[in-house]
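Hi,

Here is the structure I said I would pass on.

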Amino acid sequence: MQVNDIIKEVYFMLENQPSGANEIFVDDSGYSDDLAKKKLLNAYNHVLSEVATEYVPLKTTSTFSGGKVLFSAFPLAPLKIYRAEYLNGNVAHFTLGIDYIVLPDRETTVTYSYIPAEVTSTSAKFAYENTKVGKRVFLYGVAAEYCMITGRFDEAADWEAKYRAAIASAMTSGAKRIKARKWGI
């Protein structure tokens, strides 16, 4: 799934123009309304950043040769370091500084969450595909942000409520338990 798929659905939900969505969002160069594209992409980036930094982090691993490694040397901007381990799987001890990590003097794999880069193209891959967050959370979040950007404040509040409920639902794990009833007098 691509970012374009999310943006098309949001446009359809908000503008109620099914044929217009397909005509406007054909591909990156086929937008007839560049302002709508920019606003929707801006809204998507805001939701992506919020979900990744506050709710469900995007995690990855990188391998380093050891020593002091600046965070700017990481392929993706690290948000939180979860663990470091040697290539054989044993835990490696590390020290964190303000803008660096100190690793043992041998190859070490670091698992960390990262701050996603802003999406500049609607043909980019949807980062939360096949995760518990999924498409629905982003549809509601992008709709809320787009309505806020375009001055549709009442609609923005409605979509925001749906977004918050969807993200809360995605964050709960397992089935909800219903308390047993007491029978009798």
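Below is what I found, starting with the overall layout and ending with a few single residues.

Some ground rules first. This is a predicted model, so to speak of a local feature I needed pLDDT of at least 70, and side-chain atom pairs count only at pLDDT 80 or more, while totals for chains, interfaces and linings use all residues. Numbering starts from 1 along each chain as its sequence is written, and side-chain values use heavy atoms, with hydrogens and water left out.

**Layout**

The protein has five helices and six strands; these are DSSP runs numbered from the N terminus, with helices being H or I of at least four residues and strands E of at least two. Going from the N terminus, the order is α-α-α-β-β-β-β-β-β-α-α. Of the 185 residues, 39% are buried, where buried means under 20% relative accessible area, exposed means over 50%, and partly exposed is in between (1.4 Å probe, protein chains only). The accessible surface is about 11200 Å², and carbon and sulfur atoms account for 51% of that (Shrake-Rupley method, 1.4 Å probe; for residues, only the protein chains shown count as cover). Among contacts with a separation of 6 or more, 72% join residues 24 or more positions apart; contact here means heavy atoms within 4.5 Å.

Strand 2 pairs with strand 5 (residues 100-103) in the antiparallel sense over four bridges, and Leu70 has Tyr100 of strand 5 as its bridge partner.

Tyr114 is worth a look while you are there. This residue lies in strand 6 (residues 108-114) and counts as buried at 15% relative accessibility. Leaving out residues up to four places away in sequence, Tyr114 touches Leu58, Lys59, Thr60, Leu76, Ala77, Pro78 and Leu79. Leu58 is 56 residues away along the chain, yet the C-alpha atoms of Leu58 and Tyr114 are separated by 6.0 Å.

Helix 3 (residues 34-55) has 22 residues and spans 31 Å from first to last C-alpha, close to the expected 32 Å, which is 1.5 Å times one less than the number of residues. Its buried residues include Leu40, Leu41, Tyr44, Val47, Leu48, Glu50 and Val51. What covers the buried residues of helix 3? The cover includes helix 1 (3-15), strand 1 (58-64), strand 3 (78-86), helix 4 (134-149) and helix 5.

Glu50, in helix 3, is buried with a relative accessible area of 9%. Beyond four places in sequence, Glu50 touches Tyr55, Tyr163 and Arg164.

Arg164 is in helix 5 (residues 153-171) and is partly exposed, with a relative accessible area of 32%. The side chains of Arg164 and Glu50 make a polar contact at 2.8 Å (a pair of N or O atoms within 3.5 Å; within protein, one must be able to donate a hydrogen and the other to accept it, and residues adjacent in sequence count only if both atoms are side-chain atoms). Arg164 is also in contact with Tyr55.

Finally, go to Asn130, in the loop between strand 6 and helix 4. Its phi is near 60°, a positive value in a residue other than glycine. Most residues other than glycine have a negative phi. Asn130 counts as exposed, at 78% relative accessibility.

Cheers

Technical notes: Pairing = 2+ DSSP bridges.
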